[in-house]
Amino acid sequence: MSDDLYQKGFDARCEGRYREAKMYFEAVLAANPNHSDARWQYGLVLGFEGDFDGSIATLQQIVDANPDHNNARYDLGMTMMMLGMQDEACAQFQEVLRRDPDHEKAHQQMIYCR
């Protein structure tokens, strides 16, 4: 059930239907508060809606609870970079690469890091 709701939320997010996506992710999280991918996607939607503080806080929660969730860590770094938090973003990208030396997108972002 939660996998189906998660997929519906993911599809809605990809199609720009953010309110609908949040509803699905909230339903998944109500049934399973530890569903890190639903929380990750929820954090992305917050950012897409302009709630950057909420997005960063949510993505940081995921990274704190699941240090190996490189997708959430990478998106945390991207959100930080968009907000001008370059040093913090670069630290996230470096940690992604420490955990996954082949992470292509993190390598691409490192050109913006000192």
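Guide: A residue is called buried under 20% relative accessible area, exposed over 50%, and partly exposed in between. The model discussed here is predicted.

Visitor: Is Y18 buried, exposed or partly exposed?
Guide: The relative accessibility of Y18 is 27%. Buried requires a value under 20% and exposed a value over 50%. Y18 therefore falls in the intermediate class and counts as partly exposed.

Visitor: Which element gives the most residues to the largest nonpolar core?
Guide: The largest nonpolar core has 30 residues, and those with the most contacts inside it are Y6, F25, A38, W40, L76, M81 and F93. Two or more residues come from each of α1 (2–14), α2 (18–31), α3 (36–48), α4 (52–65), α5 (70–82) and α6 (86–99). With 6 residues, the element that gives the most is α3.

Visitor: Why is the ring pair of Y6 and F25 classed as it is?
Guide: The count of aromatic pairs comes to 4. For Y6 and F25, the ring centres are 5.8 Å apart and the planes stand at 50 degrees. Planes under 30 degrees apart would be stacked and those over 60 edge-to-face, so the pair of Y6 and F25 is tilted.

Visitor: How many residues apart are Y6 and F25?
Guide: Y6 lies in helix α1 and F25 in helix α2, so that the pair links distant parts of the chain. Y6 is buried at 14% relative accessible area, and F25 is buried at 0%. Y6 and F25, together with F10, form one aromatic cluster.

Visitor: What is the relative accessible area of F48, which pairs with Y18?
Guide: The rings of Y18 and F48 have centres 5.3 Å apart and planes at 35 degrees, so this pair is tilted. Y18 belongs to helix α2 and F48 to helix α3, 30 residues apart. F48 is partly exposed, with a relative accessible area of 43%.

Visitor: Are α1 and α3 roughly parallel or roughly antiparallel?
Guide: The axes of α1 and α3 come within 11 Å and cross at roughly 25 degrees. Their crossing is left-handed, and the contact involves Y6, F10 and R13 of α1 with residues of α3 including A38, W40 and F48. Angles under 35 degrees count as roughly parallel, so the relation of α1 to α3 is roughly parallel.

Visitor: At what angle do α3 and α4 pack?
Guide: The axes of α3 and α4 are 7 Å apart, and α3 passes α4 in a left-handed crossing. The contact is made by residues of α3, among them W40 and G43, and residues of α4, among them T58 and L59. The two helices pack at an angle of about 160 degrees.

Visitor: What is the C-alpha to C-alpha distance between L76 and A89?
Guide: L76 is placed in helix α5 and is buried, with a relative accessible area of 0%. Beyond four places away in sequence, L76 touches I56, L59, Q60, V63 and Q92. L76 and A89 are 13 residues apart in sequence, yet the C-alpha to C-alpha distance is 7.3 Å.

Definitions and conventions:
Residues are numbered from 1 along each chain as its sequence is written. This is a predicted model: local features need pLDDT of at least 70, side-chain atom pairs count only at pLDDT 80 or more; totals for chains, interfaces and linings use all residues. Side-chain values use heavy atoms; hydrogens and water are left out. A nonpolar core is a set of buried Ala, Val, Leu, Ile, Met, Phe, Trp, Tyr and Cys residues joined through side-chain atoms within 4.5 Å. Buried means under 20% relative accessible area, exposed over 50%, partly exposed in between (1.4 Å probe, protein chains only). Helices (H or I, at least four residues) and strands (E, at least two) are DSSP runs, numbered from the N terminus. Rings of Phe, Tyr and Trp (its six-membered ring) pair if their centres lie within 6.5 Å; planes under 30 degrees apart count as stacked, over 60 as edge-to-face and the rest as tilted. Axes are lines fitted to C-alpha atoms, for helices over the stretch in contact, and angles run from 0 to 180 degrees between N-to-C directions. Angles under 35 degrees count as roughly parallel, over 145 as roughly antiparallel, 65 to 115 as roughly perpendicular and the rest as oblique. A crossing is left-handed if the near helix is turned anticlockwise from the far one by less than a right angle, and right-handed if clockwise. Contact means heavy atoms within 4.5 Å.
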